Protein chains: 2
Amino acid sequence: MIGLASAKVDEARLWRRHMDMAKLGATPKGGVRRLALDANDAKARALLLDWGRRRGFSAFIDPIANFFIRRDGTDRHADPVLSGSHTDTQPSGGRFDGIYGVLAAFEALEAIEDAGIRTRRPIELAVWTCEEGGAYLTGTMGSSVFVGARKLDDVLRLKGTDDAPITAAIAATRRAVSEAADRPLGFPISAFVEAHIEQGPELEAVGKTIGVVTVIQGCRRFFVEVDGEDGHAGTVKRSRRRDAFVSACDIAHALRRHFHDPDEIIRFTIGRFVVTPNAPAVIPGHVTFSIDFRHPDDGVLRRLGDAVADVCRAHQGACTASVREAVWAKPVELCGAIPDLIEATAGRLGLSHMRMLSGAGHDAMYIAQVAPVGMIFVPCEKGISHNEVENATPADLAAGARVLAEVLVELADRT
Amino acid sequence: MIGLASAKVDEARLWRRHMDMAKLGATPKGGVRRLALDANDAKARALLLDWGRRRGFSAFIDPIANFFIRRDGTDRHADPVLSGSHTDTQPSGGRFDGIYGVLAAFEALEAIEDAGIRTRRPIELAVWTCEEGGAYLTGTMGSSVFVGARKLDDVLRLKGTDDAPITAAIAATRRAVSEAADRPLGFPISAFVEAHIEQGPELEAVGKTIGVVTVIQGCRRFFVEVDGEDGHAGTVKRSRRRDAFVSACDIAHALRRHFHDPDEIIRFTIGRFVVTPNAPAVIPGHVTFSIDFRHPDDGVLRRLGDAVADVCRAHQGACTASVREAVWAKPVELCGAIPDLIEATAGRLGLSHMRMLSGAGHDAMYIAQVAPVGMIFVPCEKGISHNEVENATPADLAAGARVLAEVLVELADRT
């Protein structure tokens, strides 16, 4: 029976839907800026709702605006099989990160429908809210709240970088899909499969189409505040300055040494760096910056991450550095039935494949706390992601959707 | 006759006017954010116009929104004596920088009026537009355009950091003082005296009240653009990154070495530093930062400033650095009749005084290209400026205004 669903996957339809979604927040350089819970992120849910309605699927939304499109199974009481990812992007994001996993799931639902396959379990597309962090600088928000790893109440107190409360953005997002029925957080699910572009160069480099993820590396994220004193650039002597930019720069250098790894397994990034008051003639009195540190080994994450505050303080110079940890996601091993099934399915469909590590974090790492999970990677051009030029081929995207459709049917117990 | 005008200087009135002005753009921390040509900067001109009207003074405005309040002299054809400074502040500025020179001039006009003194020349208060740079990152704008050192047309093409055209802001500022008569740029002036807080610690340190400025140190300002490539913080290996933050940090370190001066005469500041896209999980593809470099010696300014572009390129690493020079203000010597007159007047009024260098740039350095110029400094607390806690005493402010009133009467030829 293998192949009935995957044969109905429509490469052109899947590509067209990517291009339709890319209009929501399109940037002049061909990328997408669709920040979590902004107007375009709400429109993305509304578009999915509309597409789903035309196929007779139902829709649900939970208190953090995680959004679900459901194709019923024959057993109304069976826990659903979920598949999806996120609709939000980085501030200068691309057309595939996140949305591919959502549209591959929708394509799988349609292909299964087109093939007339009945499954015992319902199959649902899931959109997890705010995977990228958006204006709230808090990533994998929806999936972590769904599984209880973050408290809903804590998240509802967040404000955006524009100081607007997240509650207003959630309410607006929910209004955009008012037909969707309310659902509680953390309902039982039988399995979760997330398709995603690789966001790294490995599949392309070795010429494979399908990546079977076996581990998602861990990530610790910190925010460092450096407090100094504003002063006049023309008058204050160097030795009397408390220049927060100078201290932050020294700390950044020390952190680069701290995280230096000749084997290049460690990923260390200062991606956000905000100077105040940020005027050419003023010695900066304040700097805030982020540290993103990733590694597949929990011991390394612990050892190097635990020393971050000490490194910052040791190099704070005339200023005062304080460190707050915002994320500590342990490495997640994806092993067992679902990765095996993904691998076997790719093989049966004649698609080249390999087992691999995920350098990026994904909603799957939180859902893995409550259900068996698998991830399907497809190549992206030159491994470039979190960039407006992010690209992937229609053929590779469709190949991943074919594997996904077959895997979902299998997990949902064909009847 | 010395002392008639200065005796009418009213310390309480002068202080009250500072507090009234500080309401326009007041910040929660007790400072002022009144960016050049913003609504509060326009209101500051309107308030001066209102005060001037009550004393029978007339008002004028030129095409760059430089604003003038005039007390007539007996000779309608005589070139005026000007005194003033600026009403705009740094983004996190204080209550005295700039506005003191404006209010001291207004206090002098009132004191001269109250003393019933007639002068041959008119005496005018001058507000020079956008001394601090504001949203246009272009300081001493009004004074440099007034003397022809910058072209009006070039300035009128500027946009703010919010992308709004400066022409709209100038038009709004002019509308706020629609009673003021139009005036051309660069009308002839017989002398200019600028009162200012020192913005440095020297007067306070040696316990003197009046600083007689003999040289304003020169300033070169550059903007550096660092171009790299956005990338995913979790996937891209260090050796494959083109991280604009890393390159900008390396350049900043190299510049600190380049400008290192054990004698601490050099002033070198990176005050503005903007990362794009500025998200924790994205390797930054772009950084722009400012370099502010000051020294009293033109040769040093030339030698070290000319090497800036080479230093930046030598440390650009995997990115590409480009350098644009935005300001090159040569050191300006203030010598001759007006500084001598300021010094003599302070002595006659029994005020302690000293000759000194100005570490900060001032509108006076441009006006010096077209007229004899002098500057009167008064102490500011701990030398702190370009900071919301900037402070000065009512007594010191009044002392400076007393010297200014006498000097202006003298320069305007008492009749």
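Me: What makes A:Arg256 and B:Asp250 a salt bridge?

Reply: In this predicted model, the closest N and O atoms of A:Arg256 and B:Asp250 are 3.0 Å apart. The cut-off is 4 Å between a side-chain nitrogen of Lys or Arg and a carboxyl oxygen of Asp or Glu. The pair therefore meets the rule.

Me: How many salt bridges does the rule find across the interface of chain A and chain B?

Reply: It finds 2 salt bridges there. Polar contacts come to 32 residue pairs, both residues at pLDDT 80 or more.

Me: What is the area buried between chain A and chain B?

Reply: About 5,200 Å². Carbon and sulfur atoms give 52% of that. In chain A, the residues that lose the most area to chain B are A:His232, A:Glu264 and A:Pro280, together 13% of what that side buries.

Me: Why is the relation of chain A to chain B called a two-fold axis?

Reply: A rotation of 180° superposes chain A on chain B, with 0.0 Å of shift along the axis and an RMSD of 0.0 Å. That is why the relation is that of a two-fold axis. A:Cys249 comes closest to the rotation axis of the residues of chain A, its C-alpha at 3.1 Å.

How values were computed
Residues numbered from 1 in each chain as written. Chains lettered and ligands numbered in written order. Predicted model: local features only at pLDDT ≥ 70, side-chain atom pairs only at ≥ 80, totals over all residues. Heavy atoms only, no water. Buried area = accessible area lost by both parts, 1.4 Å probe. Polar contact = N/O pair within 3.5 Å; in protein donor to acceptor, adjacent residues only side chain to side chain. Least-squares fit on C-alpha atoms with pLDDT ≥ 70 in both.
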